[in-house]
Amino acid sequence: MVTITDLTPPRSRSASVSTTSSDAALPSFESLAPPRPPTTKAEEETRVVVEGLRDEVRLKVDAGPGCGGIAWPSGEVLSRYIAYRHGLDPSCLQNKKILELGSGTGLVGIVAGILEPSCEVWVTDQSILLDLMKVNAELNLPSTQHKRNVHVAELNWGEDLPKSIPVKELDIILAADCVYFEPAFPLLVQTLCDLAPIDKEVEILFCWKKRRKADKRFFAMLKKHFNQFPVDDDKPGAKEVYSREGVSLMRLVRKK
Ligand SMILES: C[S@@+](CC[C@H](N)C(=O)[O-])C[C@H]1O[C@@H](n2cnc3c(N)ncnc32)[C@H](O)[C@@H]1O
């Protein structure tokens, strides 16, 4: 089995974060790896168990396109939360339009699409990850359903939102493990603001894993625009488990 530290991608990985910072400012891939490798191993294909889904989620993982090519702990936590919530009340996803930011392998958005065929999901990331997300959507959804309800799109934080996504109609925004690289913090906050304008009701589920002191700077920026509420309706006992791993799950509400 390959370990996470064996997976140092080539220097060109820096292209996977569209910032203007110099290479010297980039954290190494190893330093971004969680202390405990996520359930997802760095193998060609792995499987993630999400209670509420009939089958395990099959994920092709690939460290080549950078850190998004493997599945991270917060993605699993968020996937399990939406599955748990959908099990209690399917209307939370029914006919909803959902966008996932920084999807990486596409795990969370794909789980939403499998759970609820009536919802429409856009899994988004930088261009280098689009092929991986497409493969994973195809692996887990029958082609007709995939084409109908899980779409793959490029969305670079801080840039104009893609015209192919009906941004004004979105009901839910998902983001997992997107707080890890300081130069991208203002870009991510900008995109969250663009997706959740003051006059629009949109639910934002934001899951992150505490790694560095610098994370605080992200939350200081975020606080100017969003109130943050811990999610308190997860499966009993779930929060205690993921909190021990430094993972938090929050709902963000745009400040008026
Ligand atoms: C740590 S990975 C998490 C991936 C996935 N959400 C998960 O939980 O497994 C962070 C993701 O954010 C994406 N990302 C980083 N900077 C970005 C940017 N400027 N625009 C869009 N996506 C970005 C990366 O490509 C990567 O897929």
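Predicted model: local features only at pLDDT ≥ 70, side-chain atom pairs only at ≥ 80, totals over all residues.
Stepping back, the protein chain has 256 residues, and 40% of them count as buried. Its secondary structure is made up of 8 helices and 9 strands. Among the contacts with a separation of 6 or more, 72% join residues 24 or more positions apart. As for confidence, the chain averages a pLDDT of 85, and 83% of the residues score at least 70. Residues 1–42 are another matter: the pLDDT is below 50 there, although in the model this stretch has 64 contacts beyond near neighbours in sequence.

In soluble globular proteins, nonpolar side chains tend to be buried together. Here, the largest nonpolar core holds 63 residues, and Leu78, Val111, Ala112 and Cys207 touch the most other members. Helix H3, residues 107–115, supplies the largest share of this core, with 7 residues. Take a closer look at cysteine 207: leaving aside neighbours within four places in sequence, it is in contact with Ser74, Val77, Leu78, Ala176, Val247 and Leu249.

Next comes helix H4, residues 130–140, where the buried residues are Leu132, Met133, Asn136, Ala137 and Asn140. Those five span an arc of only 135° around the axis, which means that they sit on the same side of H4.

You'll find it in helix H2, residues 73–88. Is arginine 80 buried or exposed? It counts as buried because 24 other C-beta atoms lie within 10 Å, and the cut-off for that is 20 or more. Setting aside neighbours within four places in sequence, arginine 80 is in contact with Val50, Glu51 and Ala238. Its C-alpha atom is separated by 8.7 Å from that of valine 111, 31 residues apart along the chain.

Last, the ligand. It is surrounded by 26 residues, the closest being Gly68, Trp72, Gly75, Gly102 and Gly104. Sorted by class, this shell has 12 nonpolar, 12 polar and 2 charged residues.

Notes: Residues numbered from 1 in each chain as written. Near = placed C-beta within 6 Å. Nonpolar A, V, L, I, M, F, W, Y, C, P; charged D, E, K, R; others polar. pLDDT = per-residue confidence, 0-100. Contact = placed C-beta atoms within 7 Å. Core = buried A, V, L, I, M, F, W, Y, C linked by C-beta atoms within 7 Å. Buried ≥ 20, exposed ≤ 12 C-beta atoms within 10 Å, placed from the backbone. Helix = DSSP H or I, 4+ residues; strand = E, 2+ residues; numbered from the N terminus. Arc of directions from axis to C-beta.
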